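Student: Please take one part of this structure and go through it closely. I would like a connected account that I can follow on the model.

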Amino acid sequence: MSEAILNITNLVKDYKTGFSGKKTRVLKNVTFDVHKGEVFGFVGPNGAGKTTTFKSVLGFVAPTGGKIELLGKEHSDSGAKSRIGYLPENPYFYDYLTGEELLYYMGELHGLRRKHLHEKVDELLRKVRMEHAKKMQMRKYSKGMLQRIGIAQALINDPEFMILDEPMSGLDPIGRREIKDLILEEKRKGKTILLSSHMLSDVEALCDRVGIIMGGAVIKIGKIGDLLKEIHTDYEMHLEGPGDEVKQCVKDLRVEMDQRAGYIVLKFDEDIKRKVLEAVTRTSAEIVSIHPLRKSLEGLFVEEARKGSSQKEQ
Amino acid sequence: MRRILSVAHNTFIEAIRDRVLYSLILFAIIMILSSLVFASISAEQYNKIVKDLGLTAISIIGILISVFLGIGLVYKEVERKTVYNIFSKPIKRYEFIFGKYLGLGITLFVITVGMALILFLLVLLIEIRYEGLISFYYGGHYYAEFFNAVYFEYLEFLVVIGIALVFSSFTTPVMSALFTFFVIAIGRFSSDIRLFAEEVKSPFTALFSEAVYRIIPNLEKFDVRSEAVYGGVVNPDLILYTTAYALLYTLALLILATIIFERKEFK
């Protein structure tokens, strides 16, 4: 296994809420690692604990328990911070600073001298296509521009490891495409990236591995391909013929039946594929097509969310 | 140190581009100029009134700017989540606190110098108008005292920024403003509190008043306006002592703000 850039073991975080000081556990033994050179996607519904995990890694909040190792060091070590780049969720910068000033500022916080930053700042502004707005105060920036300048500031120190919290949120399709391309470019350069996203299709396209977090606990980790193998595949069969007859025939099987565009559409699980086929061949209906539905991360995600909520009900 | 200066530099840029600041400065200039109207009632006292009202205007506006920008120094960064960008970089929390303070301190320095120069020019023009250029060669105009009074006012702003910063590191701007003005009000009546502590019969009240007197900064030390207006000796020891008092008190405030801020979680 390749070297771990981030190693989180049994991370626990409790927040005190309200005046009573009652503790709410928002992270429950979160354990995962991010390997050198990979893009790791951290997905989960709102409030699942993605951002809290990132905040713990960066030392914004103090973990209640567990261990975080960042680049082989204790995560609060400022030496580790000089080797990472971070884009917060919905990044907000300073109203009255220009994009260019922000990049100089962030570079200086990395201990870089202003005179050494000129080239880097110009290069980054070009890269995120913000040259035209470099002298504009950031209060006039659109959401997409803020996101792009946010990526630029995360790259100012040429980091080995990037943590991007919802880098695609709130962007239009073109903006998403641009950010995706930027991430892929960094990946090609060998950078390690940890990103969280609601856009599961984007995660699927960008990430080598994913971790699914729900209710503060990581419930699945693995390569996308491996995870998708685990989920049941649905099949869809299109038939032409008498609907009532088909309905009667499959009534004892777990089949969803629908009629659209002149076809009878049956949707069923892989396990009962043979039984359904046998049943429909007994009718006078004609099979037009049968095909597996595309497996997606979204399918896996929804399945896990359903499992989670049914476990809660029990 | 470079990180502190970098935070200070950007705090300064943010502050001088803030429109709130310009409205306050405009208000200050109007106040200084309006002293001309009051002064016109008495030709003899013309300059004294202009100086007195002008210095008071600088003090009021400086304190207002110190409080209103000071209470947002840290709070705004936490609330608007700009701290996430800052603290994902290798910067220590104390560097941030000291940098923010220094940035506003420099802003106040520029504003104070600007306001003082406007007032000084006004005073000079009045003198030339009434007494002619010859008046420069004679004493009795207390220029040194004038600038000393401005300097002391600036020292007071430095302490007030520190107080606002401490409150800003743990509570909302409205509460910070209230607390800061409360401390300023007590600080300006410091000697009365001391007197009260000595006179009062109840030992508990006496102890409490004495504690308040010891803890709250004595802002009366920074008011030497009457020397500037009516004449008085600028004692170098007093300047040194008052400077040391302001700087040490401010340092204590910054350390306190850092201790509070170190424990803060950015949720």
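Tutor: Start with the six-stranded sheet of chain A. It is an open sheet with the order E6-E7-E8-E3-E9-E10, and its pairing is mixed. Two strands pair if DSSP finds at least two bridges between them. The strands, like the helices, are DSSP runs numbered from the N terminus: at least two residues of E for a strand, at least four of H or I for a helix.

A word on the model. It is predicted, so local features need pLDDT of at least 70 and side-chain atom pairs count only at pLDDT 80 or more, while totals for chains, interfaces and linings use all residues. Residues are numbered from 1 along each chain as its sequence is written, with chains lettered from A and ligands numbered from 1 in the order in which they are written.

Strand E6 (84-87) and strand E10 (217-223) of chain A stand at the edges. Each has a single partner strand, so one side of each is left without a neighbour in the sheet. Neighbouring strands are turned by 15° against each other on average, direction ignored. Axes here are lines fitted to C-alpha atoms, for helices over the stretch in contact, and angles run from 0 to 180 degrees between N-to-C directions.

Now look inside the sheet. Strand E3 (residues 39-43) and strand E8 (residues 192-196) of chain A run parallel and are joined by four bridges. Gly41(A) has Leu195(A) of E8(A) as its bridge partner.

H5(A) lies across E6 and strand E7 (161-165) of chain A, at about 165° to E6(A). Contact means that the C-beta atoms of two residues, placed from the backbone, lie within 7 Å.

Helix H3 (residues 99-109) of chain A is mostly covered, with 11 of its 11 residues buried. Buried means 20 or more other C-beta atoms within 10 Å of the residue's own; exposed means 12 or fewer; partly exposed is in between, with C-beta atoms placed from the backbone. Among the buried residues of H3(A) are Glu100(A), Glu101(A), Tyr104(A), Tyr105(A) and Glu108(A). Just after H3(A), Gly111(A) takes a positive phi of about 85°.

That brings in chain B. The contact between the chains takes 24 residues from chain A and 22 residues from chain B. On the chain B side, helix H1 (2-16) and helix H5 (83-86) are the elements that give two or more residues. H1(B) gives the most, with six residues. The chain B side divides into seven nonpolar, five polar and 10 charged residues. In this count Ala, Val, Leu, Ile, Met, Phe, Trp, Tyr, Cys and Pro are nonpolar; Asp, Glu, Lys and Arg are charged; the others, Gly among them, are polar.

Chain A has another open sheet. Four strands lie in the order E2-E1-E4-E5, with antiparallel pairing. The edge strands are E2 (22-35) and E5 (73-74) of chain A, and each pairs on one side only. Strand E4 (residues 65-70) and E5(A) pair in the antiparallel sense over two bridges. Leu70(A) has Lys73(A) as its bridge partner in E5(A). Helix H1 (residues 50-57) of chain A lies across strand E1 (4-17), E2 and E4, running at about 110° to E1(A).

Asp33(A) lies in strand E2 of chain A. Asp33(A) is partly exposed, with 18 other C-beta atoms within 10 Å. Leaving out residues up to four places away in sequence, Asp33(A) touches Ala4(A), Leu6(A), Asn7(A) and Ile8(A). Asp33(A) and Thr192(A) are 159 residues apart in sequence and 12 Å apart in space, C-alpha to C-alpha.

Finally, step back to the whole chain. The domain assignment, which is automatic or from a database, gives chain A domain 1 (4-223) and domain 2 (232-292). Strand E11 (residues 234-240) and E14(A) pair in the antiparallel sense over six bridges. Of the seven residues of strand E14 (residues 286-292) of chain A, the number buried is zero, so E14(A) lies largely in the open.
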